[in-house]
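Dear colleague,

Please find below the structure I wished to hand over to you.

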Amino acid sequence: FLQEARIAARLQHPNIVTVYEVGEEDGTYFFAMERVRGATLTKLIEQHGPLPANQACYLIAHVAAALAAGHAQGIIHRDVKPGNIMMDTNGQVKVTDFGLAQVKAVQDMPELAGRPLGTPGWISPEVARGEEATPASDIYGLGLTLYYILTGKRLIQGGTRSGMVR
């Protein structure tokens, strides 16, 4: 929880959900973040079906800009997928959920060592193999997301989580 909040608070970009405050009150940790009125890409596709190419390109370009801002600060999202991308009611694209982002602090957490982090079916092959994520890993997830919003289908499917990772 604190990891996500601290990472997100470092990122200031119009296409990344803004975290305003991180804190603790009476043993309960919290973060206050921007409220996004809208829906995730998953919900948009479920409700309206695949998007036209021009709208898909608009979305992907804005997500790519957000990821590039993170990459410039050494932050790799590691969980790029339609459920972590929102479009607000004004058409503004926002990337959310930097809880699995890779920064040096994550690499030093023994409980996470050697575990592929991300959502099965959306993670890159190298991350699925337990290798280090790179900016290219996020771009792979972005490509899977583009496929999904253009077709309404996941490219990588499997009967189980481990099947999708394989």
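Two strands are taken to pair if DSSP finds at least two bridges between them. With that in mind, Ile85 stands opposite Val95 in strand 5. Please note that this is a predicted model.

Strand 3 and strand 4 are joined by 3 bridges, and Ala39 has Met87 of strand 4 as its bridge partner. Another 3 bridges join strand 4 to strand 5, where the bridge partner of Met87 is Val93. The hairpin of strand 4 and strand 5 has 4 residues between the strands, and Gly91 takes a positive phi near 90° there.

Which residues of strand 4 point one way, and which the other? Ile85 and Met87 point one way, Met86 and Asp88 the other way, and all are buried. In a regular strand, side chains alternate between the two faces of the sheet.

Thr40 lies in strand 3, which spans residues 38–40. Is Thr40 buried or exposed? The cut-off for a buried residue is under 20% relative accessible area; Thr40 has 18% and is therefore buried. Leaving aside residues up to four places away in sequence, Thr40 touches Pro82, Gly83, Ile85 and Met86.

Leu41, Leu44 and Ile45 are buried in helix 2. Seen down the axis of helix 2, the buried residues fall within an arc of 95°, so they line one face of the helix. They pack against strand 3, helix 3, strand 4 and helix 6. The face of helix 2 turned away from this buried side carries Glu46 and Gln47, which are exposed. After helix 2 comes Gly49, whose phi is positive, near 80°.

The nonpolar cores

The largest nonpolar core has 27 residues, of which Leu59, Val63, Phe98 and Ile149 touch the most other members. Two or more residues each come from helix 2 (41–48), helix 3 (53–72), strand 4 (85–88), strand 5 (93–95) and helix 6. Helix 3 gives the largest share of this core, 6 residues. There is also a second, separate core of 5 residues, which includes Ile123, Val127, Ala128 and Ala133.

The aromatic pair

How many aromatic pairs does the structure hold? There is 1 aromatic pair. Trp122 and Tyr148 form this pair edge-to-face, at 6.0 Å centre to centre and with 85° between the planes. The pair links distant parts of the chain, 26 residues apart: Trp122 belongs to the loop between helix 4 (104–107) and helix 5 (125–128), and Tyr148 to helix 6 (residues 135–151). Both Trp122 and Tyr148 are buried.

With kind regards

Methods
Residues numbered from 1 in each chain as written. Predicted model: local features only at pLDDT ≥ 70, side-chain atom pairs only at ≥ 80, totals over all residues. Heavy atoms only, no water. Buried < 20%, exposed > 50% of the residue type's maximum accessible area, 1.4 Å probe, protein only. Contact = heavy atoms within 4.5 Å. Phe/Tyr/Trp six-rings, centres within 6.5 Å; stacked < 30°, edge-to-face > 60°. Core = buried A, V, L, I, M, F, W, Y, C linked by side-chain atoms within 4.5 Å. Arc of directions from axis to C-beta.
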